[in-house]
Amino acid sequence: WEAVETGTGNTVYSGTVDLTSTQSGSTYNLTDGARGNHRTYNLNRGTSGTGTLFSGPDDIWGNGLPSNLESAGADAAYGAALTWDYYKNVHGRSGIRGDGVGAYSRVHYGNNYVNAFWQDSCFCMTYGDGSGNANPLTSIDVAAHEMTHGLTANTAGLNYSGESGGLNEATSDIFGSTVEFYANNSSDVGDYLIGEEININGDGTPLRYMDKPSKDGSSKDSWYSGIGSIDVHYSSGPANHFFYLLSEGSGAKTINGVSYNSATSDGLAVTGIGRDKAEKIWFRALTTKFTSTTNYAAARTGTLAAAGELYGTTSAEYTAVQNAWAGINVGT
Ligand code: ASN
Ligand code: ZN
Ligand code: CA
């Protein structure tokens, strides 16, 4: 018999947060009894299996420092819970498969591993501890990015290569960002940057920028014929840029203390419709229009169909979708 409890997570990136656990006798487990029993495991530098479920005599997880092995577990559990709540409360979807069943997270993967990943085969996500300047890969946006790979695999199934691969990656960045905004966490505020907490570059810069993807030195701002042959983490750039333009519009803007400046490929201004509407359009397109082979042109068609269903084909929202795609050189 297990009781659902509310414990305390002292995370590396998000301060002190509530975490749902389960209690079995005098032992607490980092199993989220309110979210499909999503579990969080400690691989303790291993690279296979599940390691051990985080558990102990108290319902306090971590101390906020990466040196405490529970801290990254607290971040991972928090990120998974937020992502679950976001899809349930914003999009009406219960769990990655929509069946109410939780996945699981594994932290402390390998030695000095500077990445995180989702695997369909285990229905689980895994985080490294980083090395050098990098910190554990367990920030909110990274957690939501990885979990969203599970959602994409179970809906559109976008192939992870070519233009569909870029759209797959962008979908993870888009919802990585929207979950971070949804969290409304004062330690890790919402932004249109990916991985800014991890310090992967050693100079405090993020991994990716949605307002101007080329700021990372590799991602593309706009679509071009042949973009399907570059790395999917770079061909994602135009779709991330599309989502930023659709949400916030072109030009300079400061949100939660972060400054953005987004230019269109055609030089025409785009007026944003707000993130709340943009995320609904992308989710509807992903789950009802996109397929495994959707490319940029088809993503335009799919998001326009979604916007038409949600807001009407004569709406300002529909026009904004057209303009945002034109702003990254897709359609006219
Ligand atoms: N963190 C990367 C991603 O989610 C891992 C990978 O490239 N598979 O895209
Ligand atoms: Zn990814
Ligand atoms: Ca972020």
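Q: In this predicted model, what share of the contacts in the protein with a separation of 6 or more is between residues 24 or more positions apart?
A: The contacts considered are those in the protein with a separation of 6 or more. Among these contacts, the part that joins residues 24 or more positions apart is 61%.

Q: What radius of gyration does the protein have, and why does it agree with a compact globule?
A: The C-alpha atoms fill a box of roughly 65 × 40 × 35 Å along the principal axes. For 332 residues, a compact globule would have a radius of gyration near 20 Å; the value for the protein agrees with this, because it is 19 Å.

Q: What percentage of the residues in the protein is buried?
A: The protein has 8 helices and 15 strands. A residue counts as buried if 20 or more other C-beta atoms lie within 10 Å of its own. Of the 332 residues, the buried part is 53%.

Q: Which helix supplies the largest share of the shell around ligand 1?
A: The residues that surround ligand 1 are N115, A116, F117, H145, E146, H149 and E169. Two elements, β10 (116–119) and α2 (140–153), each supply at least two residues of this shell. The largest share, 3 residues, comes from α2.

Q: How many residues of the shell around ligand 1 are charged?
A: The shell includes E146 and E169, and Glu belongs to the charged class. The shell divides into 2 nonpolar and 3 polar residues, while the number of charged residues is 2.

Q: How many residues of α2 are buried, and what distance separates its end C-alpha atoms?
A: Helix α2 is mostly covered, with 13 of its 14 residues buried. At 1.5 Å a residue, the 14 residues of α2 should span 20 Å, and the end C-alpha atoms agree with this because they are 20 Å apart.

Q: Why is α1 largely enclosed by the rest of the structure, and which residue follows it?
A: Helix α1 covers residues 69–91 and reaches 33 Å from its first C-alpha to its last, close to the 33 Å expected at 1.5 Å a residue. Because 17 of its 23 residues are buried, α1 is largely enclosed by the rest of the structure. The residue that follows α1 has a positive phi, near 70°, and is G92.

Q: How many residues of domain 1 are in contact with domain 2, and how many residues of that side are charged?
A: The protein is divided into domain 1 (3–138) and domain 2 (162–326), and their C-alpha centres lie 27 Å apart. Contact involves 15 residues of domain 1 and 15 residues of domain 2. The side of domain 1 that touches domain 2 divides into 7 nonpolar and 8 polar residues, and the charged residues number none.

Q: Is S21 buried or exposed?
A: S21 is found in strand β2 (residues 16–24). Leaving out residues up to four places away in sequence, S21 touches E5, G7, Y28, N29, L30, T31 and D59. With 30 other C-beta atoms within 10 Å, S21 is therefore buried.

Q: How far apart in space are S21 and T291?
A: In sequence, S21 and T291 are 270 residues apart. From C-alpha to C-alpha, their separation in space is 36 Å.

Q: Which loop holds N199, and how many C-beta neighbours does N199 have inside 10 Å?
A: N199 is not a glycine, although its phi is positive, at about 55°. N199 lies in the loop between β12 (193–194) and β13 (208–209). N199 counts as partly exposed because its number of C-beta neighbours inside 10 Å is 17.

Terms used:
Residues are numbered from 1 along each chain as its sequence is written. Chains are lettered from A and ligands numbered from 1 in the order in which they are written. This is a predicted model: local features need pLDDT of at least 70, side-chain atom pairs count only at pLDDT 80 or more; totals for chains, interfaces and linings use all residues. Helices (H or I, at least four residues) and strands (E, at least two) are DSSP runs, numbered from the N terminus. The radius of gyration is taken over C-alpha atoms; the globule rule is 2.2 Å times the number of residues to the power 0.38. A residue is buried if 20 or more other C-beta atoms lie within 10 Å of its own, exposed if 12 or fewer, and partly exposed in between; C-beta atoms are placed from the backbone. Two residues are in contact if their C-beta atoms, placed from the backbone, lie within 7 Å. A residue is near a molecule or strand if its C-beta atom, placed from the backbone, lies within 6 Å of it. The expected span of a helix is 1.5 Å times one less than its number of residues. Domain bounds come from an automatic or database domain assignment.
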